[in-house]
Amino acid sequence: MPLAFWLLNYGGMSVLVSTSSRRLGVAIAIAVAVATGQPDAAGRKSSRKLDAALARMERHGGHRTRVIIRVRQGESASVKESLRRTQSDLKYDHGTISALTADLRGDSIDGIADLENVESVSIDAPVEALAVSIPATSGTALRRTLGIEADRSIAGRGVGVAVIDSGISPLPEFGSRIRAFHDFTRGGIATRPFDDYGHGTHVAGLIGGGGAATADDADVGVAPRVSFIGLKVLDGRGRGYSSDVIKAIEFAIENRHTLGIDIINLSLGHAPYESAKTDPLAQAVDRASAAGIIVVVAAGNVGLSLTTGLPAYAGILSPGNARSAITVGSAHTMGTRRRSDDVIGPYSSRGPTWHDGYAKPDLVAPGHKLLAPVSEWSELPRKYPLLKVTNGRGAPTFLTLTGTSMSAAVTSGVAALVLEANRAALAGTQPDLSPNAVKAILQYSALPMRDALGVTYDHLTQGAGALNGDGALALARAINTSSRRGTYRLMSGVAPVTYLDGSPLPWAQFIIWGNNVVWGELFRDENVVWGDNLVWGDNLVWGDNVVWGDNVVWGDNLVWGDNLVWGDNLVWGDNVVWGENLVWGESRDENVVWGDSVLAQ
């Protein structure tokens with residue numbers, strides 16, 4: 001049995017791995033060590049509290065680094081005093097996740113991490129908009145693709161979506177529906193809506209564009225009557241900091257009822273430097289979900305190996321690694337209504353999540369060459385003039401963009417429709433659907449996809465399947481959010497099949513919960529979907545082993561296809577998306593290399 005050996009560099013620690021060429025690719029870890037759990041050269045143990053970016057960074061001298069410090073609940077005052085003594089610059093106090101953002105001198109990072117009341121220290125990771133440029137100008141009628149074009153009664157009325165992005169330009173397509181606007185690149189000040197980059201406007205247009213200037217249904221967003229709350233965290237180049245995103249999420253939680261925020265859309269991300277259990281951005285997403293806000297996140301556009309150029313696994317970005325998030329990959333619908341020709345975009349990030357091995361994405365949605373409005377004065381149409389579509393003199397500028405940013409936006413639009421449909425069915429007299437319930441609805445009604453050769457995509461590529469607007473609305477209208485204990489949540493029978501282009505398409509009829517596929521009576525009251533635990537955790541027991549298809553086995557060890565195995569140890573095969581270095585670069589001046597990254601080419 002032939003063996004291949006290679007060295008995998010993970011966080012600065014070399015790991016020797018051998019693997020057989022047999023079908024399941026059973027791997028043996030000769031040595032696995034995570035750099036962040038080892039003492040540094042000086043013998044300190046502080047690096048156990050540092051994320052991968054900080055652990056490998058030179059931490060000396062007066063060079064300053066912007067970090068997020070997670071502290072024990074109620075003990076931030078003493079940490080603030082320590083920061084003052086080290087001449088550190090405190091920027092934010094994140095009460096929601098018990099964390100502080102500060103600029104630290106390089107030679108004080110270890111000392112702060114060594115404090116007993118400090119849980120972890122993470123780099124304030126730069127985030128970027130998750131769209132890629134593809135020179136084509138064919139739009140897609142989203143509502144028709146999703147099977148909801150005939151249902152004009154549902155348009156997202158009464159639903160508020162917080163777009164945490166580069167802003168929203170006050171275009172005619174949005175009318176007076178931008179309910180509030182705050183700029184977190186300038187501390188969260190309230191200001192007139194604007195978008196100097198254009199990405200956030202495009203995202204908002206996909207979620208709910210549609211006004212007097214809209215040419216036809218091909219240019220209408222999924223939920224054209226939603227209200228928007230614009231929370232600007234990205235600058236005119238589409239870049240920002242995790243701490244600004246966290247502040248925006250905290251603002252959304254605090255003002256959820258005042259501003260009517262039901263959904264947060266996060267079409268941005270950064271490389272995963274640590275477990276979602278300590279990642280500050282993922283933690284903020286979990287807090288928002290626990291507060292009852294549906295959080296939709298782009299999976300990332302790093303589905304191709306940096307070394308081979310082929311589709312690869314383990315490329316989910318943060319905060320797509322948050323278990324409570326609805327993490328969305330990208331499908332290419334070929335501009336048609338039929339689903340038989342749909343494929344997964346090769347750039348779409350696949351699971352599992354890097355540090356934790358969570359099964360992501362949760363589903364995929366249209367994200368290829370989608371048309372939406374932008375301000376002609378913003379950066380994107382100037383930077384990519386070939387992507388512009390202008391519908392006549394004086395009409396707004398439309399742009400075709402591709403990426404999981406667009407897929408997340410489409411999913412947020414369908415989530416808005418789901419909320420409205422359920423409220424209408426219950427005449428507004430019952431509680432809203434929880435974030436867990438909305439995720440279950442979208443996954444259960446999803447349509448499994450096959451590649452160009454007819455082979456079913458695995459769950460680390462497509463999640464439960466492709467977003468199905470028609471099926472999601474059918475379920476939403478049938479669910480009673482406050483039925484009696486032990487009874488079914490469905491008020492009427494729902495056939496688990498959707499007809500598109502004359503073809504019957506069966507639903508997935510399962511959800512992915514942590515690392516488990518769950519099926520059966522999901523809509524009985526006592527099922528996990530309806531529980532209080534908003535984290536789709538690891539402890540759900542569904543038989544001794546779960547076998548799904550030919551190439552996925554769960555149990556004591558988890559095997560996903562031919563290339564990935566994990567259990568007690570994480571072992572990745574040849575096609576790992578992060579290549580040999582998880583940390584994408586450093587600059588002595590800014591700690592990151594902005595440049596043109598694989599996130600927004």
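## Exposure of Glu379

A residue is called buried when its relative accessible area is under 20%, exposed when that area is over 50%, and partly exposed in between, with a 1.4 Å probe and protein chains only. Glu379 has a relative accessible area of 27% and therefore counts as partly exposed. The structure is a predicted model, in which local features need pLDDT of at least 70 and side-chain atom pairs count only at pLDDT 80 or more, while totals for chains, interfaces and linings use all residues. Residues are numbered from 1 along each chain as its sequence is written, and side-chain values use heavy atoms, with hydrogens and water left out.

Glu379 lies in helix α9 (residues 379-383), helices being DSSP runs of H or I with at least four residues and strands runs of E with at least two, numbered from the N terminus. Leaving aside neighbours within four places in sequence, Glu379 is in contact (heavy atoms within 4.5 Å) with Asp196, Tyr197 and Gly236. The C-alpha atoms of Glu379 and Gly236 are separated by 6.8 Å, although these residues are 143 residues apart along the chain.

## A sheet of three strands

Strands β13, β8 and β15 form an open sheet in the order β13-β8-β15, with antiparallel pairing, where pairing requires that DSSP finds at least two bridges between two strands. The edge strands, each pairing on one side only, are β13 (239-241) and β15 (268-269).

Strand β8 (residues 126-129) pairs with β13 in the antiparallel sense over 3 bridges, and Val127 has Gly240 of β13 as its bridge partner.
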